[in-house]
Amino acid sequence: MAEGRIIKALSGFYYVDTADGLLECKARGKFRLDGTSPLVGDLVQCSIDNSGKGRIDKVLPRKNWFIRPAVANIDALVFVAACTNPVTDPFLIDRVSVIAEESGCETIVCINKTDIHSGDSLYEIYSAAGFPTVRTSAATGEGLDELLQLLRGKVCAFTGNSGVGKSSILNVLHPQAQAETGAVSEKLGRGRHTTRAVALYELGHDTYLADTPGYASFELEMMKAIPKEALAADFRDFTPYLGDCRFNDCAHLKEPGCAVRKALEEGKLKPSRYRSYERLYELCAQQNFWEHKTT
């Protein structure tokens with residue numbers, strides 16, 4: 001029996017980094033039967049048959065897991081954003097930060113393509129909200145050393161819009177990833193510019209980074225069920241004002257004596273953050289928690 005971490009998932013095969021090297025595995029049929037499946041980042045137990053082929057027998061307990069990106073045991077989600085081609089909607093960042101908060105995971109905001117646009121507006125929002133925020137350019141190398149320091153010693157995953165430069169940053173931080181991504185794309189007959197598989201790359205110093213497929217817009221199924229009453233606690237910039245409202249059950253929407261809305265009116269909270277809270281509150285209120293599966 002061997003133990004290791006899944007570092008790549010592709011076409012039904014899982015590649016497990018073990019003490020004896022990389023092992024290509026298939027997953028046992030029981031995972032399909034019980035509605036679960038291994039994820040990149042999972043710590044697993046594997047067996048090897050007489051022909052040398054591997055099989056994942058058990059997924060060890062997870063620290064956390066995410067629907068999209070489909071990864072597990074992540075210390076930090078790195079949201080790569082841009083203010084140009086494509087322009088990132090702050091709501092997407094806020095949605096990811098809420099999911100990360102619920103999962104006990106740090107959110108790092110990386111504003112890329114600063115050689116084209118400074119990204120000042122996004123930088124102001126998220127640095128003021130208390131997130132580790134860095135401006136980068138994969139083209140010039142600006143900010144990449146600072147980003148690497150934020151990642152050091154963590155298992156991290158990129159997420160964000162398609163086209164913001166996640167793979168470009170990874171290719172600078174880990175040049176070998178470009179060759180590996182190209183080989184995967186050639187095998188699948190797909191364009192090299194788009195990440196189709198999830199893979200975890202070692203950057204040294206116990207640092208791992210997953211490149212993941214991007215997305216174009218928010219989808220409700222990407223979001224784990226969160227009780228609407230718990231949502232405000234997932235907005236870290238709301239925290240100083242929670243508990244100071246006139247009503248204990250304040251939803252921070254239209255209630256009189258709301259400390260959160262007062263902070264907004266006084267300019268202590270960014271309007272885009274509050275608008276995201278309103279949208280997410282409405283979505284949380286629509287969810288039927290008994291319909292959600294867990295893995």
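Tutor: Beyond the residues up to four places away in sequence, Thr 114 touches Arg 135, Thr 136, Ser 137 and Glu 142, where contact means heavy atoms within 4.5 Å. This is a predicted model, in which local features need pLDDT of at least 70 and side-chain atom pairs count only at pLDDT 80 or more, whereas totals for chains, interfaces and linings use all residues. Residues are numbered from 1 along each chain as its sequence is written, and side-chain values use heavy atoms, with hydrogens and water left out.

With Glu 142, Thr 114 also makes a polar contact, side chain to side chain, at 2.8 Å. (Such a contact is a pair of N or O atoms within 3.5 Å; within protein, one must be able to donate a hydrogen and the other to accept it, and residues adjacent in sequence count only if both atoms are side-chain atoms.) Thr 114 belongs to the loop that runs from strand E7 (106-112) to helix H3 (120-128); helices (H or I, at least four residues) and strands (E, at least two) are DSSP runs numbered from the N terminus. Thr 114 counts as buried because its relative accessibility is 13%. (Buried means under 20% relative accessible area, exposed over 50%, and partly exposed in between, with a 1.4 Å probe and protein chains only.)

Another buried residue is Arg 273, at 0% relative accessibility, which is found in helix H8 (residues 271-286). The side chains of Arg 273 and Asp 237 are joined by a polar contact of 2.6 Å. Apart from neighbours within four places in sequence, the contacts of Arg 273 include Asp 94, Ser 97, Ile 125, Phe 235 and Arg 236. Tyr 126 is also in contact with Arg 273; the two are 147 residues apart in sequence, yet 9.0 Å apart in space, C-alpha to C-alpha.

Burial also marks helix H4 (residues 144-151), where Leu 144, Leu 147 and Leu 151 are buried. An α-helix has 3.6 residues a turn, so residues three or four places apart point the same way. After H4 comes Gly 153, with a positive phi near 80°.

Asn 85 sits in the loop between E6 and H2 and is exposed, with a relative accessible area of 63%. Asp 206 lies in the loop between strand E10 (198-204) and strand E11 (207-211), and counts as exposed because its relative accessibility is 60%. The peptide bond from Asn 85 to Pro 86 is cis, its omega being near 5°. Pro 86 is likewise found in the loop between strand E6 (76-82) and H2. For comparison, most residues other than glycine have a negative phi, and most peptide bonds are trans.
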